[in-house]
Amino acid sequence: MSPRSRSVNEELRRRSRERLLQAAVELVSERGYEATTLGDIADRAGSARGLVSYYFPGKRQLVQSAVHRLMHRTLEEALEREPRTEDGRERMARAIDAILGLARDQPVLMRQHMAGILQPEGFVQCPDQQRLAQLLGDTVARYGSPDAAADYPMLRALLMGAVYAALVPGVPMPIPTLRAELFKRYRLDWELGVPPDTEVPGGTYDTDLSRFFATGRPTGDQSGDRPGRQSDDQSDRLNGQSK
């Protein structure tokens with residue numbers, strides 16, 4: 001059995017991390033943040049429990065990174081869905097609807113996310129958080145902002161405020177009301193994006209979030225190991241020990 005190449009080992013580590021992100025999203029959605037342990041996440045991901053700390057400093061960082069992945073990929077999917085468009089007003093409407101849609105469809109996750117970013121540590125600086133910022137900044141620029149660097153923080157603040165308002169226990173504001181206010185702020189026609197009670201062109205959003213996490217087996221792996229998580233995690237253990 002020939003040893004794995006460096007590129008295959010790197011891909012296995014990346015996919016192991018992806019499984020942890022996916023498991024975090026699934027379990028926090030099902031059980032809530034406090035009832036989900038790092039051990040639960042490792043078990044759901046099929047990973048050794050010690051590997052979680054190899055990739056993430058703690059549960060808060062893992063969950064926030066997972067939610068940033070969900071937000072980044074949801075926004076990306078909304079902006080790039082068919083029919084694709086370069087129209088700045090349509091893209092702004094899609095961005096607003098994508099973030100409000102997460103508050104509607106993933107309330108447990110998004111409520112935890114809002115609570116997490118209000119901690120002293122604030123945002124977890126991860127690639128998905130940075131990509132989310134880039135997508136929102138690009139949306140502001142394409143919308144026609146004369147100063148996207150200044151207007152992007154305002155869009156971010158308005159979206160965060162709308163998500164918070166939609167998720168306040170006991171007195172949530174309706175998503176259509178929040179949408180109407182944001183659309184008024186950006187002078188968008190109600191028919192743009194995905195108005196409430198309408199379908200996304202080409203069908204409704206898939207509720208299976210696994211498409212946002214690349215957890216398949218890498219190509220070019222000729223090691224002879226059995227396919228599945230066990231062999232991947234054996235490689236992770238060895239790689240973790242060698243670091």
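The dialogue below walks through some features of a predicted model.

Biologist: What share of the residues is buried?

Modeller: Buried means under 20% relative accessible area, exposed means over 50%, and partly exposed lies in between, with a 1.4 Å probe and protein chains only. In this chain of 243 residues, 49% are buried. Arg104, which is in helix α5, is partly exposed, at a relative accessible area of 48%.

Biologist: Which residues of α9 are buried, and how are they arranged around the helix?

Modeller: An α-helix has 3.6 residues a turn, so residues three or four places apart point the same way. In α9 the buried residues are Ile175, Leu178, Arg179, Leu182 and Phe183. Seen down the axis of α9, these buried residues fall within an arc of 135°, so they line one face of the helix; the arc is that of the directions from the helix axis to the C-beta atoms. The face turned away from that buried side carries the exposed residues Glu181 and Lys184.

Biologist: Which helices do the buried residues of α9 pack against?

Modeller: They pack against α5 and α8, the latter covering residues 148–167. Contact means heavy atoms within 4.5 Å, and, leaving aside residues up to four places away in sequence, Ile96 touches Leu159, Leu182, Phe183, Tyr186 and Leu188.

Biologist: What is the place of Ile96 in the largest nonpolar core?

Modeller: A nonpolar core is a set of buried Ala, Val, Leu, Ile, Met, Phe, Trp, Tyr and Cys residues joined through side-chain atoms within 4.5 Å. The largest one has 61 residues, and Ile96 is among those that touch the most other members, together with Leu20, Leu62, Leu75, Met92 and Leu188.

Biologist: How many aromatic pairs does the structure hold, and how is the pair of Tyr143 and Tyr186 described?

Modeller: A pair of aromatic rings is described by the distance of the centres and the angle of the planes. Rings of Phe, Tyr and Trp (its six-membered ring) pair if their centres lie within 6.5 Å; planes under 30 degrees apart count as stacked, over 60 as edge-to-face and the rest as tilted. The structure holds three such pairs. One of them joins Tyr143 and Tyr186, which are edge-to-face, at 5.6 Å centre to centre and 85° between the planes. This pair links distant parts of the chain, with Tyr143 in helix α7 and Tyr186 in the loop between α9 and α10, 43 residues apart.

Biologist: Is Tyr186 buried or exposed, and what lies over the face of its ring?

Modeller: Tyr186 is buried, with a relative accessible area of 6%. A charge sits over a ring if NZ of Lys or CZ of Arg is within 6 Å of the ring centre and within 35 degrees of the ring normal. Arg185 lies over the face of Tyr186, at 4.9 Å from the ring centre.

Technical notes:
Residues are numbered from 1 along each chain as its sequence is written. This is a predicted model: local features need pLDDT of at least 70, side-chain atom pairs count only at pLDDT 80 or more; totals for chains, interfaces and linings use all residues. Side-chain values use heavy atoms; hydrogens and water are left out. Helices (H or I, at least four residues) and strands (E, at least two) are DSSP runs, numbered from the N terminus.
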